[in-house]
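Welcome! Have a look at the structure below, and then we will walk through a few of its residues and strands together.

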Amino acid sequence: MPNSKIAGVGMYIPEKVYDNAYMESIVDTNDEWITRRTGIKERHVSADDEYTTDMAVIAAKRALENAGMTAEDLELIIFATVTPDYFTPACACVVQGAIGAVNAAAFDYNAACSSFITGTVIADQFIKSGMYKNVMVICADCLTKATDYADRATCVLFGDAAGAAIYTADDEHPGILAAEIGSDGSGCKAITSLAIRNDEEEIEKRISHRKETIWMAGQAVMKFAVKAMADASNAVLEKAGLTYDDVKLVIPHQANYRIVDSAVKRMGIDKDKVFLHLEKFGNTSASCIPVALCEAVMEGRIQRGDKIILVGFGGGLTWGAALLEF
Ligand code: UT7
């Protein structure tokens, strides 16, 4: 059975920046509150005419270049977003057409901010089954286009980004050593962005009545997130029979510095082992982990052969972790 090796990574961050001073100018907030409660200083924002798949196409092309592959080499493209350009077609199909991946099947899936872990598991299953050799996982979101900028509880948090990784079949490389994904649908109302369902009770709870914008029960999500991330990370290590001493870098989903800090304390590891970019990007939803992975590779924080843990949580509620050898 072949293993799934990361062949290449790519990312895209839009140019425009909303710093905390800008947020202060549009909503009743301040740099001190945002920094102390979240750790965020800046978030990047897509241009008015720049949407989720526009960012994803650039990240996808960069991942192909990094892998030394052409678009024709891809056999499957899977795409996760909570801000798709359309209900249909799938973002994966838009990207497939744009990059000319003529040999690739393409579909979208949604595990919110946990999606890169879920995508890693999906890719690994297709590769292990022998059905496909080269699978691209793309996570991209234009959350700033689904944000209510009158709601200070959410608008200071989000930024836009796209990240992509290509998994390739390899008989020698250990690839993914252990992974786990989970869901708790009883918490499905904790983070919502309504599309077509007219759920009056939910809308009532909102500060704004613009039903398409993101709404979140922040405290409840925060409590869930700390335990979910620490437990998932510990679980993949146990499955693989390894300890944190064997791990070079932990790349967590980054929604809030306090969540990461508390999760890291529960894991019992040093902060130096954790890759953080929250300060400059904010919460970029599913793209956070692949973007951080890409940065870690580009900055030389991980080398071939290093073991890393990717761990996340998000709407659904969902969570997951993957322990892999880069
Ligand atoms: O990617 C996955 C999804 N998202 C998350 O994981 C987010 C999880 N949750 C969080 O990160 C935190 O709950 C938040 C950062 C969203 C909020 O932090 P908190 O410590 O839970 O604050 P809070 O909601 O309890 O609000 C505390 C106070 C409130 O004022 P009062 O009622 O105490 O007077 C809020 O109105 O802070 C106020 N507040 C703000 N003040 C200044 C809320 N947002 C702001 C703001 N600026 N932007």
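Let's start with cysteine 288, which counts as buried because its relative accessibility is 0%. Keep in mind that this is a predicted model.

**Cysteines**
- The cysteine sulfur closest to that of cysteine 288 belongs to cysteine 113, and at 8.0 Å it is too far for a bond.
- Cysteine 188 is partly exposed, with a relative accessible area of 40%.
- For the sulfur of cysteine 188, the closest cysteine sulfur is in cysteine 113, and the 15 Å between them is too far for a bond.
- How many disulfides does a search of the whole structure find? The search finds zero.

**Histidine 277**
- You will find histidine 277 in the loop between α9 (257-267) and α10 (278-281).
- Histidine 277 counts as buried because its relative accessibility is 2%.
- Leaving aside neighbours within four places in sequence, histidine 277 touches Cys288, along with Gln254, Val291, Ala292 and Glu295.

**Strand β6 and its partners**
- Strand β6 covers residues 134-141, and eight of its eight residues are buried.
- On one side of β6 sit Asn134, Met136, Ile138 and Ala140, on the other Val135, Val137, Cys139 and Asp141, and all are buried.
- Strand β4 (residues 76-80) runs parallel to β6, joined to it by five bridges.
- Within that pairing, isoleucine 78 has valine 137 of β6 as its bridge partner.
- Strand β7 (residues 161-170) runs antiparallel to β6, and eight bridges join the two.
- Here, alanine 164 in β7 stands opposite isoleucine 138.

Conventions:
Residues are numbered from 1 along each chain as its sequence is written. This is a predicted model: local features need pLDDT of at least 70, side-chain atom pairs count only at pLDDT 80 or more; totals for chains, interfaces and linings use all residues. Side-chain values use heavy atoms; hydrogens and water are left out. Buried means under 20% relative accessible area, exposed over 50%, partly exposed in between (1.4 Å probe, protein chains only). Helices (H or I, at least four residues) and strands (E, at least two) are DSSP runs, numbered from the N terminus. Two strands pair if DSSP finds at least two bridges between them. Contact means heavy atoms within 4.5 Å. A disulfide is a pair of cysteine sulfur atoms within 2.5 Å.
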